[in-house]
Amino acid sequence: MTVVFHDQQLYIDLKIEAVRRNRSASEIVSEAVLEWLQNKEDEELIPVAESAIADWEQNGGFKLEDVDREIEAARVKFQKNAVVAEKKNVRH
């Protein structure tokens with residue numbers, strides 16, 4: 001495939017950057033196109049993610065902070081129970 005640059009300065013900048021990076025101009029262009037395509041794909045997923053979040057909020061769910069708080073409370077309770085059980089098993 002041949003890429004025609006209508007902007008001569010862009011073409012010069014590409015060639016300079018290729019030399020700096022010790023890479024071919026075609027590698028840099030391919031990398032840039034791949035990155036652009038991935039960004040477009042991500043942009044298309046944003047409405048899907050927003051819809052999923054809205055559905056989650058509407059139909060119930062748990063906030064991560066609430067889950068973290070519950071886990072910490074359970075951990076503390078477990079540790080207290082373990083200490084109590086350990087004290088009961090200690091003979092004086």
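Guide: Helices are DSSP runs of H or I with at least four residues, numbered from the N terminus. The model is predicted, with local features requiring pLDDT of at least 70 and side-chain atom pairs pLDDT 80 or more, while totals for chains, interfaces and linings use all residues. Residues are numbered from 1 along each chain as its sequence is written, and side-chain values use heavy atoms, without hydrogens or water.

The largest share of the lining of the largest pocket, 4 residues, is supplied by helix 2. Helix 2 (25–59) and helix 1 are the elements that give two or more residues to this lining. The pocket (an open set of 1 Å grid points where a 1.4 Å probe fits, with protein on both sides within 12 Å along at least five of seven lines) has a volume of about 170 Å³, taken as the space filled by probe spheres set on the points. By class, 7 are nonpolar, 2 polar and none charged; Ala, Val, Leu, Met, Phe and Tyr are among the nonpolar types, and Asp, Glu, Lys and Arg count as charged.

Phe5 and Tyr11 also form a tilted aromatic pair, 5.6 Å centre to centre with 50 degrees between the planes (ring centres within 6.5 Å; under 30 degrees is stacked, over 60 edge-to-face, the rest tilted). A search of the whole structure finds 1 such pair. Phe5 has a relative accessible area of 24% and Tyr11 34%, so both are partly exposed (buried is under 20%, exposed over 50%, with a 1.4 Å probe and protein chains only). Helix 1 spans residues 8–21 and is followed by Asn22, whose phi is positive, near 55 degrees.

Note on methods
Phe/Tyr/Trp six-rings, centres within 6.5 Å; stacked < 30°, edge-to-face > 60°. Expected span 1.5 Å × (residues − 1). 1 Å grid on protein atoms, 1.4 Å probe; cavity = no way out; pocket = protein on both sides within 12 Å on 5 of 7 lines; lining within 4 Å.
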